[in-house]
Amino acid sequence: MVTRRALLAAGAGTLLTACGPRDEPATSRQDVLDEQLKVTNAAVAAGAPRARARAAKLEAAGAKAPAGSGPSGLDHAYEAEGRALTSYVQAIGASRADRDLYGELVADAAAGKSELARELKIDPLPSAFPGEPK
Amino acid sequence: MRRRELLLAAGTATLATPAAALGKTPTEGDVLLDLMRREQSAKLAYGAALKALGSQAPQELVTIRRHESDHADALTTELAAVGLGRPLRPPLSGAAQELAEASDRRAVLEASVMLEDELVDAYRQSLPLLPDAKIAMTVATILASHAQHRFIVGLAAGGSGS
């Protein structure tokens with residue numbers, strides 16, 4: 001679960017942002033969307049089979065990001081799917097506007113991670129709270 | 001209406017919050033109480049299924065039951081954050097009741113698929129109703145867990161997982 005420490009850290013971050021220069025924009029809905037497409041494209045490049053459909057949903061919602069790059073293969077796909085899942089969970093905290101979409105992405109990436117874990121012959125259910133930010 | 005749809009409708013109706021029943025937007029506490037009751041029911045139903053199957057029970061169901069207990073503990077913390085206590089466990093209904101009453105492996109796995117479908121739907125629908133970012137993120141990780149459960153029990157039941 002997300003800890004009280006994380007809440008306090010998030011609160012402190014908000015406070016610091018509020019005290020910053022007026023011309024420094026807070027993270028926008030578009031920034032959050034773009035970041036999700038970036039991590040999703042990384043999962044596509046790593047070979048996560050479900051990621052391409054999620055990228056299409058993000059693009060349909062207006063997200064923009066360059067194509068992903070980097071090594072591919074089962075291990076890389078598993079790790080990339082895990083990073084995407086954590087990012088979607090954080091996006092739910094950062095943007096209330098797109099929670100319907102991010103909820104859908106969380107469910108799909110979580111299932112995708114279990115699918116890849118089975119192929120790797122590792123535990124497909126290692127945590128009661130998958131995607132929990134560290 | 002198919003059997004699965006009837007069971008889903010029954011589960012939703014029984015566990016609907018008082019606010020939702022009155023047509024009001026549910027409060028954060030209402031949403032968390034509904035999710036907690038679902039976790040309590042799921043934990044009890046998986047426990048009954050494990051007892052019914054005995055040594056024939058798939059190991060995954062042991063893990064899933066433990067996860068439901070962990071989810072309930074996490075929701076207890078979030079309920080406390082909004083000034084509410086852990087509710088009494090509700091009577092079983094819908095897919096949870098079906099699972100608790102299943103007597104063979106096939107019936108257990110089919111009911112598990114329906115129950116996890118219900119849970120994934122409930123958690124997804126709850127996210128826009130939670131104003132607190134930290135609570136929403138905790139709920140999102142539990143949604144992820146149920147999506148993984150759904151995939152695993154779907155495979156065990158002979159389906160494609162999701």
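B:Ala72 touches B:Met36, B:Glu39, B:Gln40 and B:Lys43, leaving aside residues up to four places away in sequence; two residues are in contact if their C-beta atoms, placed from the backbone, lie within 7 Å. The model is a predicted one, in which local features need pLDDT of at least 70, side-chain atom pairs count only at pLDDT 80 or more, and totals for chains, interfaces and linings use all residues. Residues are numbered from 1 along each chain as its sequence is written, while chains are lettered from A and ligands numbered from 1 in the order in which they are written.

B:Ala72 belongs to helix α4 of chain B; helices are DSSP runs (H or I, at least four residues), numbered from the N terminus. B:Ala72 and B:Lys43 stand 29 residues apart in sequence, with 8.8 Å between their C-alpha atoms. B:Ala72 counts as buried because it has 20 C-beta neighbours inside 10 Å; the cut-off for buried is 20 or more other C-beta atoms within 10 Å.

In the contact between the chains, 29 residues of chain B meet 27 residues of chain A. Two or more residues on this side of chain B come from each of the following helices.

| Helix of chain B | Residues |
|---|---|
| α4 | 59-81 |
| α6 | 105-126 |
| α7 | 133-156 |

α7(B) gives the most to this side, with 16 residues. Of the 24 residues of α7(B), 21 are buried, so this helix is largely enclosed by the rest of the structure. Just after α7(B), B:Gly158 takes a positive phi of about 100 degrees.

Technical notes: Buried ≥ 20, exposed ≤ 12 C-beta atoms within 10 Å, placed from the backbone.
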